[in-house]
Amino acid sequence: SQFNYYKEVSNSIQAKAQQNNNELNQLKEVFAAKYQELQKNGQRMTEAEVNARQQELQQMDKTFKSKEQMMNNEMQDESMKKLQDVKKKITDYLAEYNKAKGYAFILGNNSDMLSMYYKDTAYDITADLVKGLNELYKAKK
């Protein structure tokens, strides 16, 4: 959570999700407006006009659901790829870091790595690792 590249990736994922939500909300608003218009003016319309508007609303609903599913799938794929890239950068850096430091083990304690029930803080190298990762990321940026 302290790795600047992870923060950047996380922010871009959140921004994309917000952009998708805004686009879907616009579609919902258009649908709601057309639905309200049909409710308001339906009694003054011919049966053919009402049927045409109902079909238009059904098509809009179908398009919305399809677009929503597509966006969700794209977001999931994009998020997974970006987070895998973050993990690869960390793993690659740890391999280099360990060459210089010679540790027998470097353990993480987050949800997708080994969980630890006890750790000696005297051997906590997290700050040093985060500093090195951020320096490497800054140099490559």
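1. Start with helix H2 and its buried side. The buried residues are Val50, Leu57, Phe64, Met71, Met75, Ser79, Val86, Tyr93, Leu94 and Tyr97. They pack against H1 and H3. This is a predicted model, and the points below should be read with that in mind.

2. Confidence comes next. Mean pLDDT for the protein is 88, and 90% of the residues reach 70 or more. Among the elements, helix H1 (residues 4-41) has the highest mean pLDDT, at 96. Helix H3 (residues 126-140) has the lowest, at 90.

3. One stretch needs caution. Over residues 113-119, pLDDT stays under 50. For this stretch the model has 11 contacts beyond four places in sequence. Where pLDDT is low, predicted coordinates should not be read in detail.

4. Helix H2 covers residues 47-101. Its 55 residues should span 81 Å at 1.5 Å a residue, and the end C-alpha atoms are 80 Å apart, so the two values agree. After H2 comes glycine 102, with a positive phi near 70°.

5. The buried residues of H1 are Tyr5, Val9, Ser10, Ile13, Asn20, Leu24 and Leu38. H2 and H3 are included in what covers them.

6. Which of the burial classes does asparagine 20 fall in? It counts as buried, because its relative accessibility is 9%, under the 20% cut-off. Asparagine 25 has a relative accessible area of 36%, so it is partly exposed.

7. What does asparagine 20 touch, apart from its neighbours within four places in sequence? It is in contact with Met71 and Met75. Both methionines are on the list of buried residues of H2. Asparagine 20 and methionine 71 are 51 residues apart in sequence, and their C-alpha atoms are 7.0 Å apart in space. For asparagine 25, the pair to inspect is with phenylalanine 64, 39 residues away along the chain. Their C-alpha atoms are separated by 9.9 Å. Phe64 is also among the buried residues of H2.

8. Helix H3 has 15 residues. From its first C-alpha to its last it reaches 21 Å, close to the expected 21 Å at 1.5 Å a residue. Leu129, Val130, Gly132, Leu133, Asn134 and Tyr137 are buried here. These residues pack against H1 and H2.

9. The second largest pocket has a volume of about 200 Å³. H2 and H3 are the elements that give two or more residues to its lining. The lining residues are Phe3, Lys89, Asp92, Tyr93, Glu96, Leu133, Leu136, Tyr137 and Lys140. By class, five are nonpolar, none is polar and four are charged. Tyr93 of the lining is also a buried residue of H2. Leu133 and Tyr137 of the lining are also buried residues of H3.

Definitions and conventions. Residues are numbered from 1 along each chain as its sequence is written. This is a predicted model: local features need pLDDT of at least 70, side-chain atom pairs count only at pLDDT 80 or more; totals for chains, interfaces and linings use all residues. Side-chain values use heavy atoms; hydrogens and water are left out. pLDDT is the predictor's confidence in each residue, from 0 to 100. Helices (H or I, at least four residues) and strands (E, at least two) are DSSP runs, numbered from the N terminus. Contact means heavy atoms within 4.5 Å. The expected span of a helix is 1.5 Å times one less than its number of residues. Buried means under 20% relative accessible area, exposed over 50%, partly exposed in between (1.4 Å probe, protein chains only). On a 1 Å grid over the protein atoms alone, a cavity is a set of points where a 1.4 Å probe fits but cannot get out, and a pocket is an open set with protein on both sides within 12 Å along at least five of seven lines; lining residues have an atom within 4 Å of a point. Grid points are joined across faces, edges and corners, and a volume is the space filled by probe spheres set on the points. Ala, Val, Leu, Ile, Met, Phe, Trp, Tyr, Cys and Pro count as nonpolar, Asp, Glu, Lys and Arg as charged, and the others, Gly among them, as polar.
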